[in-house]
Structure formats: C-alpha cells, structure tokens
Amino acid sequence: MKIIEIVGTNSAGSYNRKLLKYMQQRYSSKDCELSVYEIDALPLFSVSLLQGELPESVKDLYEKVTEADAVVISTPEYDHAMTAALKSALEWLSCKKELLFHKPVMIVGTSLGNQGTSRAQDSLRQILNSPGLCADVLAGHEFLLGHCQQQFNDDGTLNDEGTASFLDECFTAFLRFVQLHQLQQKEHVA
C-alpha cells in the first residue's frame, strides 16, 4: 500500500512536517509505504496556468497522488483556517477530478494553540467533499494535536505515550478504511 503524506504548509519549520515524518517512521513497513510530500514548490493556483504546459511541480503532484492508494494531509491552523498554500494545492488537484475522486484521505494536524487544528480540519473536510475533489475522508478519527511546541522530543518522536497510542488508533482505523476501499474496487471491477 502506498500512502502519500502532504505537508499542508510551505513553512520550513513546520510541526506538521514533524508529525508526518514521525508517522512515516512509525508506520512504514514492507506492506505500507509512507512518503512525505512538500507543496512549497507549487505555484499559486491560477486558471491562466492551465493553458499550455503545466508547471513541473504540478505534474509531480498529479503523479504522486495518482500512484498513491491513499492520502494523509497534515494541516496547520492559521487564523481559524488552513494555509493558503494548502488551499492552492487542493485547487490544483481539483482541476483533475479523478485524482482524489473516492480516494481515501486522512486528515491530521498540529498547532501552537489549545484546540489543535479543529477549524482548519473542518474547512479541509468541506473542501475535500466538494464536487471538484470528491475524496472519501476518514470520519470519526480526528487527530488534533495542540501545543505542538511541547509535543515532540529532540529526535522528532511524540513525547506522550497516550498521544502516540491515540495516533496509532486513528492510523489503524485509516488502514482498515483504505483496505475496505480496495476491496470495494476489486468487487466493482469483477
């Protein structure tokens, strides 16, 4: 199983990147390959860029999402919303509806505040449900990590075992969700 993890920010010092790298290290196995994907090279979405040759960074995004069986998106929360960089990346993805159409997606996020990324995740869920994207987003297993500056050890691991266990629970539910999707696809093709 191939899972692409999208860092929902272009910030160099992102705790959301730390979270995805932690997940990559913790959950990658011979049966499950997680790869972290950066959106910082993507240009700001513009309809005018759709005319002619697409930027290489956009082609790369399309290729990586196409090859993936599932997607994990980690979003920070700025001013009660996701970043402009992540919104722009989603706008690029919405130009080719088949990229995320019924593809399993898990949303995670970490921020400096008390509520983690609850508002950004709600907004992201709504956007992923739009007709241009139509992703299948895992429900009921929301990983919202507040006070991120205190949550990671120097080696990038989560320092609280209860938090790590909850992330394990959420990710295990996501793997089951992806497997059900794969089973449904096989039955649909047969």
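Contact here means heavy atoms within 4.5 Å. The model shown in these views is predicted.

View A. Ser-57 belongs to helix 2, which covers residues 56-67. The relative accessibility of Ser-57 is 18%, so this residue counts as buried, the cut-off being under 20%. Leaving aside residues up to four places away in sequence, Ser-57 touches Tyr-37, Ala-41, Leu-42 and Pro-43. With Ala-41 there is also a polar contact: a polar atom of the Ser-57 side chain lies 3.2 Å from the backbone oxygen of Ala-41.

**View B. Packing of helix 2 with helix 3.** Two packed helices are described by the angle between their axes and the distance between the axes. For helix 2 and helix 3 (residues 84-94), the angle is about 75° and the axes are 10 Å apart. The two helices are therefore roughly perpendicular to each other, as angles of 65 to 115 degrees are classed.

**View C. Residues where helix 2 meets helix 3.** Helix 2 contributes Val-58, Leu-61, Tyr-62 and Val-65, which meet Ala-89, Trp-92 and Leu-93 of helix 3. Of the residues in this contact, seven are nonpolar, with no polar and no charged ones.

**View D. Buried residues of helix 3.** In helix 3, the buried residues are Leu-86, Ser-88, Ala-89, Leu-90, Trp-92 and Leu-93. These buried residues pack against helix 2, strand 3 (70-74) and helix 4 (118-128). Ala-89, Trp-92 and Leu-93 are among the buried residues, and Ala-89, Trp-92 and Leu-93 also meet helix 2 in View C.

Technical notes:
Residues are numbered from 1 along each chain as its sequence is written. This is a predicted model: local features need pLDDT of at least 70, side-chain atom pairs count only at pLDDT 80 or more; totals for chains, interfaces and linings use all residues. Side-chain values use heavy atoms; hydrogens and water are left out. Helices (H or I, at least four residues) and strands (E, at least two) are DSSP runs, numbered from the N terminus. Buried means under 20% relative accessible area, exposed over 50%, partly exposed in between (1.4 Å probe, protein chains only). A polar contact is a pair of N or O atoms within 3.5 Å; within protein, one must be able to donate a hydrogen and the other to accept it, and residues adjacent in sequence count only if both atoms are side-chain atoms. Axes are lines fitted to C-alpha atoms, for helices over the stretch in contact, and angles run from 0 to 180 degrees between N-to-C directions. Angles under 35 degrees count as roughly parallel, over 145 as roughly antiparallel, 65 to 115 as roughly perpendicular and the rest as oblique. Ala, Val, Leu, Ile, Met, Phe, Trp, Tyr, Cys and Pro count as nonpolar, Asp, Glu, Lys and Arg as charged, and the others, Gly among them, as polar.
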